[in-house]
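Please consider the briefing below, which treats the nonpolar cores and the ligand surroundings of the structure shown here.

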Amino acid sequence: MTDPVDRLLDAAESGKSLIKNRDILQTTYVPATIQHRDEEAKIVAQSLLPILKQSRPSNLLVYGKPGTGKTLVVKKVLSKIQERVKKSNFPIKLVYSNSIEETSLSGFLVSLGRQLGLTAKELPITGLALDEVFKRVLNKIDEGKLNTIFVIDEIDNLADLVAKSGKDVLYQLTRANERLKQGSITLVGISNTLTFKEKLDPRVISSLGEEEVVFTNYNPNQIKKILEERINEAFIDNSVEEGALNLCAAKAASVSGDARRAIALLRVAGEIAERQQSDKVKPKHVEEAAKKIEEDKEDTTLKSYTLHERLVMVAIMKANGSSTGEIYSTYKNLCKITRQEELTNRRITQMLSEIELDGLITGKIIRQGIHGRTKKHTLGTSITPKKIKKIYEKDLILQDIL
Ligand SMILES: Nc1ncnc2c1ncn2[C@@H]1O[C@H](COP(=O)(O)OP(=O)(O)OP(=O)(O)O)[C@@H](O)[C@H]1O
Ligand SMILES: [Mg+2]
């Protein structure tokens, strides 16, 4: 029996890995064909067509759950329009921004301005009031008589920024055409939360949603086809068992119809199979991959928590199965030990709901006769005290209470 490390290195050297092109399994990879989305692509293209005749298209709102191909389809339509525009001399500008990458409203507007060609000198990142940034962007459009399409991907984040700052940039954008003497702005918003509309001013919604297109979840068969194509390109021949493929598709479809999740599952399963030096990806590798992805997600969430969220997690760990009131007392006690100023009961109750939404704890309403109801909280099944300790042990403030 050779040494396992040697076997791994041998396999890598002789090129006996199962995955021949890893890039194709990354979420940033743009597939050559987009399956099952012809109708949606047509609606998006149709809606934006007027720009080729130099008139202003209607605003468009694109909806659908995560991983349903929204970004992929919209980007593809944009690039096709861009190709046509290149050949002509139309003053058309297509601008794409993902608001998840922006931490401030002015950052968001500056990124739009940059893509319109404003230099750092004409539009500095810092030092300008929001209204001034906005004005400079509009001037650029006006002066250049530019017909612009602004794609705002993950627009939910922008709505959150708006809510936090109280500056309604989205409303201003929807009204910007009234301020332009020449040129135009068309907005394409992409959202993956179906309750997104509730977050917005109804005036913004009615304007943004002049046209709408909904991307439905992929069903298991559609996901299977998407995966088959990736497998053909990314894996060596016959290295993924049919059962493993079906399981990937079924798992992704049962949760959300999310192609991104399905591709990630396939990639991790492939890596696990390689590591185990299996000659094929088998259903058991998919099972292991699903477990690993879930755990990684939980770890990331735990790590992303603020100090007080961490204190609440430790409080639940110590008082597992307790009511909100009991957890609050435990939390207050932990604050004392760690010399932190405690937050209000109301804030902690809210925090418990947020942690529950993250899936790390479950809350159960218990009726207590005439005393009314209380909520009891328990750690999620895979969130063991050991896991919490391991993730928070490097946090100097928490060390003494773990
Ligand atoms: N129809 C499809 N054919 C091939 N690959 C697809 C298809 N739909 C989605 N994918 C792949 O799945 C992943 C997610 O797609 P995309 O980024 O377009 O989702 P999205 O709807 O924008 O999700 P989110 O709301 O989370 O941003 C990408 O890697 C994409 O290449
Ligand atoms: Mg997207």
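Setting aside neighbours within four places in sequence, F150 is in contact (heavy atoms within 4.5 Å) with V95, L112, L116, V137, I141, L173, I185, T186, L187 and V188. The model is predicted, so local features need pLDDT of at least 70 and side-chain atom pairs count only at pLDDT 80 or more, while totals for chains, interfaces and linings use all residues. Residues are numbered from 1 along each chain as its sequence is written, ligands are numbered from 1 in the order in which they are written, and side-chain values use heavy atoms, without hydrogens and water.

**Nonpolar cores**

- A nonpolar core is a set of buried (under 20% relative accessible area, 1.4 Å probe, protein chains only) Ala, Val, Leu, Ile, Met, Phe, Trp, Tyr and Cys residues joined through side-chain atoms within 4.5 Å.
- The largest such core has 37 residues, and I141, F150, L173 and I185 have the most contacts inside it.
- Among the elements that each supply at least two residues of this core are strand 1 (60-64), strand 3 (147-153) and strand 4 (184-191); strands are DSSP runs of E, at least two residues, and helices runs of H or I, at least four, numbered from the N terminus.
- Helix 5 gives the most to this core, with six residues.
- Another core, of 30 residues, lies apart from it and includes I19, Y218, I231 and I272.

**Ligand 1**

- Ligand 1 is surrounded by 20 residues (a heavy atom within 4 Å), of which Q35, G67, K70, T71 and Y218 are the closest.
- An oxygen atom of ligand 1 lies 3.1 Å from a backbone N or O atom of T68.
- A polar side-chain atom of N192 is 3.0 Å from an oxygen atom of ligand 1.
- The protein buries 95% of the 630 Å² that ligand 1 exposes when taken alone, with areas from the Shrake-Rupley method and a 1.4 Å probe.

Conventions
Buried means under 20% relative accessible area, exposed over 50%, partly exposed in between (1.4 Å probe, protein chains only). A polar contact is a pair of N or O atoms within 3.5 Å; within protein, one must be able to donate a hydrogen and the other to accept it, and residues adjacent in sequence count only if both atoms are side-chain atoms.
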